[in-house]
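Hi,

Here is the structure I promised to pass on. Have a look at it first, then read my notes below.

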Amino acid sequence: MATKAPKNPHDKHPLSKRVLREWLHGYLFLLPWIFGVSVFFVYAMVRSLIFSFTDVQIGGEAGLTITALANPWQNYIDVFTTEVNFPITLGSFALSLVLQLPIIISFSLIIALLLNSKIKARGLFRMIFFLPVIIATGPVMNMLTAQGVASVPMMADMTSLLGALPQFLLDPLTDLFNNLIVILWNAGIQILIFLSGLQKVSKTLYEAAKIDGASGWESFWKITLPIVKPMILLNSIYTVVTLATGGTNEIIELIYTVTNAPTKGYEYGMAMSWIYTLIIGVILVIVFLLFKEKSDKKVVYEKRRVTLR
Amino acid sequence: MKFNLPPKGARKDYFKKVFFGSNEKRGVVMSIVVYVLLITIAFIYLYPVLYMFSRSLMSSKDLLDSSAKWIPSSITGQNYRDAIATLDYWNSLWKNVQIAVIPTILQVFVCSMVGYGFARYKFPGKTLWMGILILSFLLPSQTIDMPNYLLFQNLKMMDGSLKPFIFLAAVGQGFKSTLCILIFFNFHRQVPQSLIEAAEIDGADHFKAYFQIAIPLSMAAIVCVTLFSLVWYWNETYLVRTYLGYGHTRAKGLTTLMIELQKFEDSYNVTFDARASSVTSTNKLNDAIKMAGTMLSIAPLLLLYLVLQKQFVESVDRAGITGE
């Protein structure tokens, strides 16, 4: 069935046999996923939205009755008024996410810069920094935190220096110091992403800057940082998404418990998870606006956006 | 070592150059700073693992003795024996291998095809599907897990077997499938189209071109996705509890080492009923046993990582996650 003449496949010959075959094969390759995403993502999402606005009763073998609520927003209101833990947990989670993000990003950048300089045993160090990606999971982290090894020994003294701060800031900060290792353990992938970005920077750029009399400090701000900036965006989004869906996350635990509670579970859990989704979405948008590139670099940006996906 | 010192007059400049560096070379001081920083950070990273390992070998006497903070006075294997019994180790390990390996194989196969389809072909509605793909990456899965659970219950698939996991992986909706698809998409986008088009023109049909040319070319991405998918499935607890937790009793249902670790304390009390209720504190569940249990549950992955660490680290680079 092969066409004899080597034609350009993107030839805009409307609905030629060739174009049709392209379409068909595109869909053939995607077929399992299209089925899966339609049923287990789109349909599930719509159902979950409906659940969150109604009263769901589960009776017997998969008997599901959905009754409309007098006030469709009732579940959302109830989540905030009756589930006392939820707003508090949500608030402290959002705050700790905002605090952790710059730490993880700046720390992984520093480690990547150190690794990128001329050193021996780079492979060994890289292996150590990447280790937590493999072994850090919810249960393991809980075990370690319970042992008190999640904090660097000297850090306990540091917290006493913060005594003058108001309570609402003090709590998350002490939390931060007490869990410093846990936070750093979340930086494995980010280090690699920065490192591979740094290794692509041409050496001649730095040489030229040196000849012009720039110090190492100036080269960092004027060359390294602008080049690394799109990776900061990539890493930030990656960090937010992994932290938001990760195993040590209290909100996910809470949603799981509420959803599986014997009475009035599903609609509550769904309402909670939609509020949670909204908060994550807002944080992602803020991160995106902070680190996105200027519009005159639109082509580069388009390329980077693909990477993000 | 031989020192070739410059003449007296220039010595001051020479030492300054060696210690503080010049425009061309980093000085000794700077090198020391870099190494000290790296070693400190590496120690902070390894600290929990080292602590865990040393604790797991301690007898209960050592635990209370503050002088034996790091090095046990005598090495005991009892903690590991207790932890193996508590975790029901070999049984849980075997079940964990099933949970990790079978969905991974399906996931790699399907995600590779989907990623290739997105990268290679142009078709109407592509933007829409791409949008859905990204949305499914960003949305926390908690919003959709419950409806899916109900769906599987309707399909009578929730019998404590691996069926829901297999089914989800086979339609590209497994654990972190979206990320896998994106990795493949990114990789196949960088493969020169002309290679594949040439094969198609030569008479190979589209699937032949995919299996004979695209797959061998994308080995780096396949290694990357396979390794990470194994790790993700191995460590997953939330979905295992949701979809496979039906027959939660250990004898029947599927379990993972992570889930067993989560309920370590309860299992210990059941396994060593007599000991737990005895008054003498020496036989109670102590930190050393807990650390031995944690060590055991990460041991298989640790081993895999030590053997394949190069593939792990480099595949991230080569699979183009980092973007070109």
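**What I found**

Let's start with H7(B), which is mostly covered: eleven of its 13 residues are buried (buried means under 20% relative accessible area, exposed over 50% and partly exposed in between, with a 1.4 Å probe and protein chains only). Helices here are DSSP runs of H or I with at least four residues, numbered from the N terminus. H7 of chain B covers residues 142-154 and reaches 19 Å from its first C-alpha to its last, close to the 18 Å expected at 1.5 Å a residue (the expected span is 1.5 Å times one less than the number of residues). Among its buried residues are Ile144(B), Pro147(B) and Phe152(B). After H7(B) comes Lys156(B), with a positive phi near 60 degrees.

This is a predicted model, where local features need pLDDT of at least 70, side-chain atom pairs count only at pLDDT 80 or more, and totals for chains, interfaces and linings use all residues. Residues are numbered from 1 along each chain as its sequence is written, chains are lettered from A and ligands numbered from 1 in the order written, and side-chain values use heavy atoms, leaving out hydrogens and water.

On to chain A: its mean pLDDT (the predictor's confidence in each residue, from 0 to 100) is 78, and 79% of its residues reach 70 or more.

Val46(A) is found in helix H1 of chain A. Val46(A) counts as partly exposed because its relative accessibility is 44%.

Cheers

Definitions and conventions. Helix = DSSP H or I, 4+ residues; strand = E, 2+ residues; numbered from the N terminus.
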